[in-house]
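Thanks for making the time this morning.

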Amino acid sequence: MLNFIGKAFFTLLIVVIFSLKISAQSPAGVTTEGQPLSFPWAGGINSVQFGAVDLNNDGIKDLVVFDRQGNRLMCFVNKGTHNSIDYTYVPRYSRLFPQLFDWAEFVDYNRDGKTDIFTYSPGWAGIIVYKNISAGELKFKRVVYPYLTSYQGGGYVNIFVTYADYPAIVDIDGDGDLDILNFWGLGSFVEMQKNLSMEKYGNADSLVYEKTEYCWGHFAESDESNALFLDTCVGSNTNTAIRKNRHTGSTFLMMDFNNNGVKDLLLGDVDFPGLFKLTNGGTPENAQITAFDTLFPNYDTSVRLFSMPAAAYIDVNNDGKKDLLVSPFDPSPFVSENKHSVWLYLNKGKNNNPHFELFTKDFLQSQMIDAGSGANVVFCDWDKDGLTDILLGNYGFYLYSYYQNYTLHSVYHARLSWYKNIGTATKPEYQRWDNNLGGLDTENLLGIFPAVADLDNDGDNDLLVGNANGKLLYVRNDGDHFTIVNRNYFGIDVGEYSTPQLFDLDNDGLVDLIIGEKGGNLNYYHNDGTINNPDFRFVTDSLGKVNVTDNNISYNGYSTPCFYRKSSGETVLAVGSEQGNIYFFTNIDGNLNGRFTENNESGLNNLLDTSNVDYDRGMRTSVSIGDVNGDGKPDMIVGNFSGGIEFFNAVPKALQEVPPFTSTKIQKLMFKPVPAFGFTTVIFPFEIRNPLISLYSIDGKKINETSFSGSYSSLKLDLQPVKSGIYFVEVQANKVLLSGKLLIK
């Protein structure tokens with residue numbers, strides 16, 4: 001029968017044929033087999049905001065995506081095809097934008113037809129404004145220093161907006177310039193900052209604000225939850241002295257829901273998964289919230305997206321009607337959905353009377369390689385076929401959220417995936433071949449980071465796996481299955497977030513062990529053993545005197561090392577970091593006891609033969625270097641905490657997860673546990689469609705056979721009716737044949 005795993009739900013099915021019971025797990029969605037992903041190397045998405053900006057000056061609004069987890073900006077050019085979602089990822093436009101922090105709103109404040117930017121002012125709890133001054137090429141100019149002000153109480157003061165608040169920047173009173181709604185500093189009440197540009201100058205060019213409303217809409221929000229109180233400016237608890245658990249953080253989106261000329265409010269709240277629709281029964285000059293819907297949209301799938309969803313109103317499919325995009329806004333990277341975190345509702349109504357229908361929960365994400373939170377990347381030839389594959393660990397996939405003592409908690413689990421190079425030595429092409437390499441999902445780990453080498457010299461690659469607990473797992477590859485030999489390999493413990501690499505650092509023919517960690521330094525263990533039996537001896541926790549911690553921002557560095565040996569024989573080092581910068585070091589050979597030479601941007605550009613590339617790639621980056629296309633020049637991949645991968649130099653194809661089933665080559669099955677006692681789970685190297693499964697005795701006699709319709713990643717076999725002994729399991733799926741030997745006791 002189909003299993004219930006975590007919070008994923010599967011249909012219950014029991015099939016008994018020839019006394020062999022088989023249970024199968026079906027994928028949550030259906031993909032087109034063998035089709036290339038549209039933008040696999042865009043870098044992933046976690047908690048994003050959206051803007052409509054004409055990137056290429058063709059008169060069509062394109063899509064800008066800003067991920068607050070790492071302050072990453074992604075640009076997608078809109079081809080403008082009528083009634084079609086048709087975007088192309090064009091990363092070069094990202095370099096034309098200013099640095100944005102935590103949140104950004106893309107609005108045309110001066111009504112010149114060009115999209116300007118309002119963003120958070122770090123250190124000031126306020127707003128920075130960039131004016132779009134494009135004349136051909138996209139260009140912005142900062143017009144507010146150090147933050148936007150408003151006339152309040154006899155003087156101009158900072159418009160208070162925290163990094164955890166997403167204000168409304170919109171023409172609320174209908175006079176042609178953009179006003180601002182934001183929560184009062186202690187929460188509960190909404191303030192209005194009225195723009196006086198039209199009143200003073202007769203145009204919208206200026207940003208001259210005055211606080212005119214202390215309780216816009218005449219409603220209040222609870223100090224300790226997202227409960228609302230109408231027709232009042234006094235909350236349920238007015239004693240500020242006892243507001244110890246008062247929450248902060250809200251998101252605003254203004255739109256006219258009922259075509260009455262008055263803007264209503266969509267409100268998101270920290271720690272909560274829904275959007276509340278607040279109906280404005282007042283006038284543009286005097287708002288009055290008269291009703292609210294806590295299950296918006298109550299006529300379709302309600303928004304339920306942990307945590308603190310923020311919404312944007314943009315025409316995504318080029319039909320002239322603005323659609324609704326929703327994504328988490330919570331500033332914590334450890335409480336939000338990360339794999340299906342962009343919900344797109346298409347507008348089946350009108351712009352001033354919308355009717356939203358959920359279209360997808362993974363807009364853009366479905367066309368990217370996205371490992372949830374964290375992407376720990378390693379180049380290697382995993383299956384030793386002469387082609388460079390990619391192993392991808394992660395911090396974890398989001399499972400579910402729960403509340404404990406009024407605090408939101410979320411649960412994740414980490415996995416290791418193998419992206420097999422199914423192309424050629426000169427034209428790499430990647431496809432996820434195994435989404436649980438080594439069966440590590442049962443270890444309940446976070447922050448899986450793989451290192452690869454043939455540690456027992458048996459002809460196949462084994463794994464050392466770092467993780468959040470600072471230790472290493474030794475996972476031996478036994479051909480048809482994996483064995484976790486040791487969960488605290490050599491007693492090594494670097495504290496937190498061990499990130500290992502196996503590399504022959506001193507050129508003695510044996511792989512050494514280098515481990516990054518949360519502290520930002522590099523630990524070095526020399527291999528004093530043999531090719532069959534490594535013996536890693538601690539040398540130093542300050543290899544090369546490297547530490548990638550930015551002490552101006554954080555106490556942590558989260559170093560992720562990648563040593564690489566050039567064709568000339570010179571050894572170089574690239575290191576990912578918490579702040580996203582890729583550090584680059586030379587002067588390594590013959591200097592293992594000294595200080596490596598830091599040579600970041602210019603060194604990487606020289607190595608990769610690139611120019612003007614920004615090597616600050618987001619948050620908690622990992623890096624790997626190798627020649628994937630056989631051109632003699634190194635290529636580089638970088639992972640980040642948004643769960644995605646970026647490629648530098650090569651731009652290979654990547655296909656949907658399901659293999660194209662064109663090969664007749666026999667693939668190996670894996671079984672768990674081994675030997676089997678009463679049951680076993682057959683794990684396929686990839687998801688298969690419409691399998692025919694057969695069980696044979698050692699003398700070739702067929703014991704049972706049955707077929708299934710659909711896509712599967714594993715099959716659970718009840719072996720109670722089968723006698724002890726050695727059996728063969730064979731699975732046929734279209735032109736793919738999978739087989740394996742199974743021992744039953």
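**From chain to strand**

Of the 745 residues in the protein chain, 57% count as buried, where buried means under 20% relative accessible area with a 1.4 Å probe, protein chains only. Please keep in mind that this is a predicted model, in which local features need pLDDT of at least 70 and side-chain atom pairs count only at pLDDT 80 or more, while totals for chains, interfaces and linings use all residues. Residues are numbered from 1 along each chain as its sequence is written, and side-chain values use heavy atoms, with hydrogens and water left out.

The chain holds two helices and 56 strands, taken as DSSP runs of H or I with at least four residues and of E with at least two.

Now to strand β15, residues 190-195, where six of six residues are buried. V190, M192 and K194 point one way from β15, whereas E191, Q193 and N195 point the other way. Strand β14 (residues 179-183) runs antiparallel to β15 and is joined to it by four bridges, pairing being called when DSSP finds at least two bridges between strands, and N182 stands opposite E191. Strand β16, residues 209-213, also pairs with β15 in the antiparallel sense over four bridges, with E213 as the bridge partner of M192.

Terms used
Buried means under 20% relative accessible area, exposed over 50%, partly exposed in between (1.4 Å probe, protein chains only).
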